[in-house]
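Open the structure in your viewer and keep the selection panel at hand. The stops below say what to select next and what is there.

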Amino acid sequence: MARSVRLPIIPLKEIVIFPSSVTPFFIMRHKSLLALEASLAKDKRVFLVAQKSSAVDLPIARDLYRVGTVADIIQVLRLPDGSAKVLVEGDWVGRVERFDPDTEHLSGLVRKLDFFDDDSRETKALMRTVLSLFENYASLSDKVPQDLAGSIKSLDNALQLCNAIANYAAFRSEDKQRVLEALDVDEKLEILSRLLAADNELLKLENQILSQVKNQIGKSQKDYFLNEQLKVIESELGLGGDEDMELEEFQDRIDKSKMDEPAREKCYRELSRLSRMAPLSPEATVSRTYIEWLLDLPWGKTTRDRLDLDKAQKVLDADHYGLEKVKERIIEHLAVHKLVKDMRGPILCFVGPPGVGKTSLARSIARALKRKFVRFSLGGVRDEAEIRGHRRTYIGSMPGKIIQSMKKSASINPVFLLDEIDKMSADFRGDPASALLEALDPEQNKAFNDHYLEVDFDLSKVMFITTANTTAGIPHALLDRMELIRLPGYTEVDKAHIARNHFLKKQVKAHGLTQRKLPFSDESIKTIIRAYTHEAGVRNLEREIASICRKVARRIVSDAEVKSVKVTPDIVRELLGPVRFHDMELHAVEDVGVAVGLAWTEAGGELLPVETTLMPGKGGLTLTGKLGEVMQESAKAALSYIRAHAGDFGLAGSFYKNLDIHIHVPEGAIPKDGPSAGVTLAISLLSALTKRPVRNDIAMTGELTLHGRVLKIGGLKEKAIAAHRQHLTTVIIPFENVPEIEEISEEVREAMNFAPVRNLEEAIEIAFVQSPLTKKSGSGSKSKGGKGRKRRPATRSRQPGVRA
């Protein structure tokens with residue numbers, strides 16, 4: 001026989017014919033029927049080749065594999081619809097060398113392929129492996145008859161074995177084509193071994209699943225029968241009703257829910273218990289409530305974040321003035337979210353005095369991100385169950401506030417505000433701060449476990465924001481889990497801008513007025529800020545503006561002739577009454593024994609004037625003004641330093657023996673404590689002893705050691721704003737606090753000079769109108785400031801607002 005022969009070609013869908021195999025198939029396409037007729041008219045031989053894709057209805061040469069099988073047509077059955085059922089027997093494997101062009105059916109020149117079979121030991125080993133795998137395959141699959149499997153095992157020719165197994169095994173057509181095209185018998189055996197091993201694993205798993213399903217169906221049929229009987233009994237007793245519809249509704253909601261598998265299994269078990277309970281029993285009510293809670297939670301429901309950084313920035317700027325650090329952190333989060341699709345929500349803690357906008361900022365962040373917003377106030381919470389819920393053994397138990405808020409938000413990625421986190425307390429019912437550790441830990445909150453639910457709920461996509469006035473009331477372990485962002489108080493310019501662009505518009509509209517009926521001058525706003533408010537935030541400022549709006553509204557309603565009222569400083573004083581706050585008078589005159597310090601409070605920074613007076617006595621030291629223990633020790637340390645270096649200040653060595661010293665800090669009803677008043681106490685004391693006044697435009701802060709070193713203090717931003725609010729121009733600060741100056745607003749830095757000092761000598765040179773130092777004490781020689789060199793006059797450095 002010639003090596004190449006011209007034959008009609010019939011393409012097959014999802015069928016691969018092998019030599020020595022008898023296979024039936026249907027022919028329905030017109031061209032294939034013409035090829036069949038051509039074959040029957042000649043020698044009943046046809047080339048059968050598989051299509052690359054079964055989606056092609058009218059295949060051409062490029063849609064077919066090149067390798068196929070030459071087969072003899074055994075039988076043809078004509079069908080009424082014009083199609084034909086054909087029975088063929090594969091003869092040999094061939095490759096199409098060339099397709100014939102312009103023919104009414106596919107045909108081409110087919111060349112017979114030779115296979116390499118050396119009958120080596122490796123081939124025999126591969127045959128044994130394939131036969132073993134095929135035995136397992138035949139035992140697991142119901143598609144291979146046992147007599148056929150026995151006849152295949154009796155084959156001792158490797159090529160015939162490959163063709164038989166590949167023909168009868170339920171492999172994909174692509175995998176069968178790979179076996180057909182392999183010219184090396186060893187390669188065919190290796191392909192078959194991999195395919196059989198993979199199918200065996202799948203068949204084992206399939207049989208296991210079928211067995212489980214069968215058992216489950218048997219149990220389900222039994223349960224169904226018993227439940228139907230129970231329903232008939234309940235119906236006869238008059239206990240039937242809408243319970244069946246409710247159970248079916250629960251079943252449908254559980255099936256459609258996106259809850260994870262443990263929660264779904266828990267829900268199914270509870271529903272099964274509910275179906276066996278009397279509908280009006282207390283236990284049924286508990287189970288029903290529990291299922292409803294599980295189904296009402298937003299499993300897998302998210303809102304799409306607004307990832308447009310410019311639009312988010314505009315929303316933040318429109319709602320709040322300043323607060324650049326917070327806005328920058330939110331925009332950074334959005335930028336990262338744009339690059340990383342699946343990321344954990346940040347846990348932020350806003351710390352600042354009341355009224356600076358911590359709570360409203362959280363709401364604004366939710367609006368900028370286009371997320372849902374939920375708020376839970378922790379002020380006064382002292383029960384752990386408020387956070388993690390009560391166990392279901394208690395009557396009236398419910399989930400904790402975190403789960404309740406997640407249900408309210410209807411999404412798993414809301415902005416969740418935990419307000420006043422520093423106001424929590426603990427008692428015999430537990431510590432709520434400890435219960436928050438899991439919720440606010442990025443490594444744990446993916447599986448937050450509420451005592452009521454008893455299943456894990458994912459909080460990892462929630463953006464948690466907490467607020468506090470101070471970190472002193474927050475446990476260290478909880479504080480360590482949060483990213484701290486401090487919000488200092490507003491400057492006078494900030495307050496004026498907020499009042500003009502936010503409060504005026506809001507309050508004028510709220511009181512039924514217009515900007516034309518109630519115009520405010522810039523001076524009137526400054527008057528309200530300076531004379532009627534004294535705060536780090538702007539809450540009282542809004543109240544005073546609202547008060548003016550109410551009084552003007554009354555005038556307009558009461559007097560028909562009054563159409564509008566222009567608010568000036570005089571009108572402000574007329575409407576709001578006597579001035580409530582005055583600028584401090586201490587710096588109006590350069591007094592002896594008076595120095596102005598700076599203090600930090602939960603409400604922001606405050607000035608801390610210190611007064612010292614001397615009187616004849618026996619060396620006593622009196623401290624008044626409700627000073628704490630640390631502040632009293634600072635005063636004693638300041639006196640000890642002056643006594644140790646009395647000669648440097650022109651004082652007699654025993655000056656203190658005939659004097660009684662009284663140090664007083666005004667506003668005596670307010671408790672005061674802390675080490676940062678050490679420098680102020682020393683300057684006030686030294687001024688009284690040397691009869692030299694302190695400059696009237698200066699404030700100071702810093703802890704003082706016995707050797708005269710000035711140590712770092714906290715709350716510099718708040719203290720600087722307090723000094724700026726009182727129009728002081730210079731602030732003496734510890735040298736170690738210089739890096740923090742960059743965090744102070746540019747307006748304050750430009751208006752004030754910051755004089756960093758390393759020791760008390762340098763502070764004395766700056767603070768006094770005329771320095772009391774007669775010679776260097778050498779106290780600064782061991783500090784970083786050099787060996788007692790004279791301090792140069794303060795000048796503005798390259799860094800804005802810093803004096804060095």
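This is a predicted model: local features need pLDDT of at least 70, side-chain atom pairs count only at pLDDT 80 or more; totals for chains, interfaces and linings use all residues.

Select helix 18, residues 522-532. Helices here are DSSP runs of H or I with at least four residues, numbered from the N terminus. Its buried residues are Ser524, Ile525, Thr527, Ile528, Ile529, Ala531 and Tyr532; buried means under 20% relative accessible area and exposed over 50%, with a 1.4 Å probe and protein chains only.

Residues are numbered from 1 along each chain as its sequence is written, and side-chain values use heavy atoms, with hydrogens and water left out.

Next, go to the loop between helix 17 and helix 18 and pick Gly512. Gly512 counts as exposed because its relative accessibility is 57%. From the C-alpha atom of Gly512 to that of Leu689, 177 residues apart along the chain, the separation is 62 Å.

Then select Lys358 in helix 12 (residues 358-369). Lys358 is buried but has no salt bridge, meaning a side-chain nitrogen of Lys or Arg within 4 Å of a carboxyl oxygen of Asp or Glu. Glu420, the nearest side chain of opposite charge, is 6.1 Å away. The side chain of Lys358 does reach the backbone oxygen of Pro353, at 3.0 Å.

Finish at Asn167 in helix 4 (residues 158-168). Asn167 counts as buried because its relative accessibility is 12%.

Note on methods: Helices (H or I, at least four residues) and strands (E, at least two) are DSSP runs, numbered from the N terminus. Lys and Arg count as positive and Asp and Glu as negative; His and the chain ends are not counted. A polar contact is a pair of N or O atoms within 3.5 Å; within protein, one must be able to donate a hydrogen and the other to accept it, and residues adjacent in sequence count only if both atoms are side-chain atoms.
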